[in-house]
Each structure stands twice: as structure tokens, then as C-alpha cells.
Amino acid sequence: MSLKSSLWRYLGLLAVAALAVGVMAGPASAKKLSAKQRAAVRTQLRKEIKKNPKAISRKSFVKRASLVDFTLPVTIKLRGASAANNPNQANLDLGASLGKRTLNLGGSLAAQIQFHDSYDGGALGNVDLKILPSASKTLSSTSLPLLWNTQVSDPATNWNSSLIGAPNEGCGDFVGDTNVGFPNVPGAPGVPFYPDLATAVTHGTPNGFLPEIPGVDGLDKMAASAVPGNNNNVGGNPTPFPSGAVTDPSTRASYAPGYKDAVLRTGALKLAVAPVGAATNAGAEGTQNITIGQSGGQANLFGNIPGKAYGIDVTVSLSTQINSILRSVAPDAYPLISGGPYPGAAFGCRQAWTGTVQNYIPGVKLKGSLHISPAITASGLRIAKASLSSLGDPAHVALAACLSPQAPFAADSSDPSAAVPTTTAHTLDTTTTRPIDELNARPAPTDTCDSVQSPQVRGAAFNGIANPTDPAYTTASDGSKVSVSGDISVQDIEADIMIGDVN
């Protein structure tokens, strides 16, 4: 064998040995880094990713991040939520009786991308995604309409028909921010109030009239809008109810229910990531206890997760306080008597808030894709876009809503306990304080269901729902809450993955 051949063989063996040593020494050297050195590398990685978000797509960056178990704080911000064609949508199937509903979503969630050493069994680019409970980062939804009555928006109905004994009871003309008068009653510029009940019963001369202003309760304030966070937006579907056309027995006219016909709906929901731990009854009485797990899962920065046909696999559990909104339709007639409280009939066609019921939506499984897409946005630095939808079967949930009115939907006036005026002028009284401010809405109450009632609700003779005491009842439940079961699935979520803590 020539000297030249021996030299090439020696150099080849040397190269193989060097590669072998390098393979074995690479992870070992990383493991030998001190805590201080590892912290220094993490600091350098944070600076690098902030300076150039595209760095996360480099395998060299991912390798260094994996070797020091680098954690990157991110914000998952839903994209396009404020647009009329908001793509972020979840579907709720409430069964044959109530049918299917759509919730449009917006908002953001706090999360962390956690890199792990691929030598510990993971594939290059695989990261853990941990979704965190946060008081400041939550999702919001549109209002969820549940029950309906076609009398509400039937254009043939009048808001005052209950008070005058007319057959066309409903709220079809309850719109606008000015006085709607007293339809079908000549010479009555508003709601009459009387000196006493006897005068009212005999249709005597009223003391005067009060204006009726629909304001925030007007049907014109409700919208078939997919923009979340507004209590009057009930989703993009203008016909959310499963019922077909309904025939009015008095007029024989057919009228199909639309979004304005909701008489029981939720306010816009605020959905937070549920904390890890036990949740009693998931907010629905009579159902089994559940235990909330950590929200999050896995993603791959370079494509699909090995062995799966998608690049994101996460499970999310959410918590929300649900307030119901009730609309009064065709109340029992009772006149306004000077000096007395405003009766329930005075709030016909108006809405009322209920107190809250704690609800949980556990174990929503999602799959999707992740695309590195660095950009400067109005919210900050984006490193990626994500598209998500349900993985496997829909999540089975039990939801509870309150039926006990707490306060008007309209805000308090300067005197929420105001009594019916006593003026003797047979004219429209526009100066006396009434108990509500018709032109401004009240925020959703924070008290629990059936725990407290406002002065207006108490004045209308409602003081809550008592526990049953008659031994004929076989339940101790007072009936103030109702539970429904359903299946929830996510049709589409489009999100930006933002670096750091952004609004």
C-alpha cells in the first residue's frame, strides 16, 4: 500500500471519529452548561427573536433554543374579529328542540412556546404550546339567542296592546329613541297614569301621560352581526332559530322568527382559559363534577407533527360567567297609579338582566396549521399565523343560564326607585324622573343568579324565586337556573401568534 493511500485512509478514519465524537459531545456539552450559561443563551435568543422574528424559522435557532429549554411568551390574537365577515366561529348544537346556534369569537389568549431538546425524543421543530389563564387576555363572543317568540318582532303587533286589551300583542313597533306614543288610542300621547285604581278600571280621566321611549331596548338596536363583545349582536345568522313560519291565531298571518324574536339570550360572553383544578358541576346543576386540565398541546414550526396530518394539536378548557337577557312580551295589564311603584306591565317589551351562573367549557380539542409569517402589525410583532378547527368529535358541554330577573337592561336614572308621578296636568309629562334611563344600557351584573333584585324589579313585585317548601315537590331546586346540554365544535379560528405580552 502506497503512502498516499495510507494517508487518505487515516484522514478518513479521523473524520469519522471526529463526527462520532461530535455527535456524542453535542448534547453532552449542552447538558454541561451551567445555569448561568443557559440563562445567558436564553437572553440572547430573546433579543434575537425580537430583533428578527423570522429567526424562529431557522433550524439553528431552534436547535439552540431546544438545548436550553427556551420559553417564548406569546399572545394568540384572533384575526379579523372586528370585520363583518368575522371568520372565527364556533357551532353549538342544542339538540332537536332548540337547534343549532353560531357563536362568533374575538379576543386574545396568553400562551408560551416551550422548546425542548430533540435528543430527549422530540423531532426538530416540535414545541409545546401552553395556553395560560389570564385576567387581561380573554375571548369574547356574540350574544347567544336561546328561546324565541314571533310576537316580538311581528310587524302587525303593537307594544301597548296588552295595556288596552287589543289582540295584536307584541313589540313590532317598539323602536327608536323618541316617544312612540300610545298606538291605537286617540288623544293619548303616551302611557296614561291615574289618580287611583278605580279611575283606571272605569277608564276615567288620567292625571297625565308619560312618554314611552324604546331606546336601548328597541328592536332596532339588535343586529345580526358577527362582531363579538356587543350584547346586541346575536351572530351573523339572521334566522338562528329552527322554527319555520308560525301562524298568528288572531290575525292568521304567517311570520317566521328572526334574531329580533329572542326572548331569552345570553349577553356577550367573556371566555377565559380555565384554571387547572376541579370545577363543581361545570356550572350546570345535577351534572357530574369535572376536573379541568392544562390547556395547550403541541405544534411543529416546520410542518406537521411527526405521525400526524396537522401541525397543531391543542386542547382548550374555558370558563365563563353567563348572564341572561330576558325580554318581556304581552305582560298582564296593570295601570300606572300615581304615587305607586312602576308595575311589571310598565316594562312591557323591555329587557332585563339576570345575575350570573358560572359555566365551564372543558376539553375542546383543536387541530390546525402553523405558518411562520413575520410581520409588524398594529398590535406588535407577529411571528406566525395559525388556522384551527375541531379535532375529532365535538366537545359535549352542559350550560346553565339564569331565569330570575335582577335589573333592567337600561341603566338606572337619577332615582331608580322613582314612583309614578302625581301631577294633575292632563298632558305629556316629560320632566318627572322615571326609574330607568332609556337611552343608556346597564353593564352586565356581577351578582350571582337570584341573589339580589334592583329597585325597579322589586317595585314590579318580584323579589326572587323561593325554594320549594310544599312536600309535593321532589326537588330542592328553586328553578331559577335552567341547564341544557349540547355539542360544541369549532368551524374556524384564524389567529396571529404575537411575540410577548400584547393587547
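Student: What volume does the largest cavity have?

Tutor: Keep in mind that this is a predicted model. In it the largest cavity has a volume of about 540 Å³, and a search of the whole structure turns up two cavities of 30 Å³ or more.

Student: Which residues are closest to the centre of the largest cavity?

Tutor: The lining of the largest cavity is made up of 39 residues, and L109, L139, V316, L366 and I493 are the ones closest to its centre. Two or more lining residues come from each of the strands β1 (71-78), β2 (89-93), β3 (100-115), β4 (126-132), β16 (312-327), β18, β19 (381-390) and β24 (481-499).

Student: And which element gives the most to that lining of the largest cavity?

Tutor: That is β16, which contributes six residues to the lining of the largest cavity.

Student: How do the residues lining the largest cavity divide into nonpolar, polar and charged?

Tutor: In the lining of the largest cavity, 38 residues are nonpolar, one is polar and none is charged.

Student: OK, what about the second largest cavity, what is its volume?

Tutor: The second largest cavity has a volume of about 230 Å³. It is lined by 19 residues, with V191, E212, Y342, A346 and R350 closest to its centre, and the elements that supply two or more of its lining residues are α5 and β23 (436-441). By class, this second lining has 13 nonpolar, two polar and four charged residues.

Student: Switching to pockets, how much space lies in the largest pocket?

Tutor: About 430 Å³ of space lies in the largest pocket. Its lining has 21 residues, and those nearest the centre of the pocket are L163, I164, P192, Y194 and H203. The elements giving two or more residues to this lining are α5 (161-164), β7 (191-194) and α6 (197-201).

Student: What classes of residue line that largest pocket?

Tutor: The lining of the largest pocket has 18 nonpolar and three polar residues, with no charged ones.

Student: New topic: how many disulfides are there?

Tutor: The count comes to two disulfides.

Student: Why does the pair C171 and C349 tie together parts that are apart in sequence?

Tutor: C171 sits in the loop between α5 and β7, while C349 sits in the loop between β17 (336-337) and β18 (351-376), so the pair ties together parts that are 178 residues apart in sequence.

Conventions
Residues are numbered from 1 along each chain as its sequence is written. This is a predicted model: local features need pLDDT of at least 70, side-chain atom pairs count only at pLDDT 80 or more; totals for chains, interfaces and linings use all residues. Side-chain values use heavy atoms; hydrogens and water are left out. On a 1 Å grid over the protein atoms alone, a cavity is a set of points where a 1.4 Å probe fits but cannot get out, and a pocket is an open set with protein on both sides within 12 Å along at least five of seven lines; lining residues have an atom within 4 Å of a point. Grid points are joined across faces, edges and corners, and a volume is the space filled by probe spheres set on the points. Helices (H or I, at least four residues) and strands (E, at least two) are DSSP runs, numbered from the N terminus. Ala, Val, Leu, Ile, Met, Phe, Trp, Tyr, Cys and Pro count as nonpolar, Asp, Glu, Lys and Arg as charged, and the others, Gly among them, as polar. A disulfide is a pair of cysteine sulfur atoms within 2.5 Å.
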